[in-house]
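Visitor: Hi, I'm new to this one and would like a walk through it. Could you put it up on the screen?

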Amino acid sequence: MFLENVLLDDPLVNHELNVDLDPKSADKRALILHNDDYHTFEYVIDALVDVCKHDLMQAEQCTYIIHYNGKCDVKGGTFAELKPLKDALVLRELNATID
């Protein structure tokens, strides 16, 4: 027991554990919006504000990430929460997936 306390108090020892004890987190998903060559920045920003309830700055940042990286996680949640948002983005002819 003493050795464990010494190791946990030592700043040179990495003791972070990536264990998620929340049982609901197993169902966490990401709504991903993919880049396309058809829609304007303004169109995508408006869609993120309307559908995902982003504020203007968040929508702009996501749009730039999509443009430069090809995709962006625009919303997190359960599949049931994200499915209507994905469908609304697809109705706007945007390429969205749930991962």
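Guide: Here it is, and please keep in mind from the start that this is a predicted model.

Visitor: Okay, and how many disulfides does the structure hold?

Guide: The structure holds zero disulfides.

Visitor: Switching topic, how do H2 and H4 cross?

Guide: Helix H2, which covers residues 41-52, and helix H4 have axes that come within 10 Å and cross at roughly 145°, and the crossing is right-handed.

Visitor: Which residues meet there?

Guide: From H2 the residues are Ala47, Val51 and Cys52, and they meet Leu85, Ala88 and Leu89 of H4. Sorted by kind, the residues of this contact are six nonpolar, no polar and no charged.

Visitor: What about the largest nonpolar core, which members touch the most others?

Guide: That core has 19 residues, and the members that touch the most others are Leu31, Leu33, Leu48, Cys52, Val74 and Leu89. At least two residues each come from strand E1 (29-34), H2, helix H3 (56-69), E2, H4 and strand E3 (96-98), while H2 gives the most, with six residues.

Visitor: Let's pick Val74, what is it in contact with?

Guide: Setting aside neighbours within four places in sequence, Val74 is in contact with Leu31, Leu33, Leu48 and Cys52, and also with His54, Cys62 and Ile66.

Visitor: Last one: where is Thr78, and is it buried or exposed?

Guide: Thr78 is found in the loop that runs between strand E2 (71-77) and helix H4 (79-91). With a relative accessible area of 19%, Thr78 is buried, because the cut-off is under 20%. Apart from neighbours within four places in sequence, Thr78 is in contact with Asp27 and Arg29.

Notes:
Residues are numbered from 1 along each chain as its sequence is written. This is a predicted model: local features need pLDDT of at least 70, side-chain atom pairs count only at pLDDT 80 or more; totals for chains, interfaces and linings use all residues. Side-chain values use heavy atoms; hydrogens and water are left out. Helices (H or I, at least four residues) and strands (E, at least two) are DSSP runs, numbered from the N terminus. Buried means under 20% relative accessible area, exposed over 50%, partly exposed in between (1.4 Å probe, protein chains only). Contact means heavy atoms within 4.5 Å. A disulfide is a pair of cysteine sulfur atoms within 2.5 Å. Axes are lines fitted to C-alpha atoms, for helices over the stretch in contact, and angles run from 0 to 180 degrees between N-to-C directions. A crossing is left-handed if the near helix is turned anticlockwise from the far one by less than a right angle, and right-handed if clockwise. Ala, Val, Leu, Ile, Met, Phe, Trp, Tyr, Cys and Pro count as nonpolar, Asp, Glu, Lys and Arg as charged, and the others, Gly among them, as polar. A nonpolar core is a set of buried Ala, Val, Leu, Ile, Met, Phe, Trp, Tyr and Cys residues joined through side-chain atoms within 4.5 Å.
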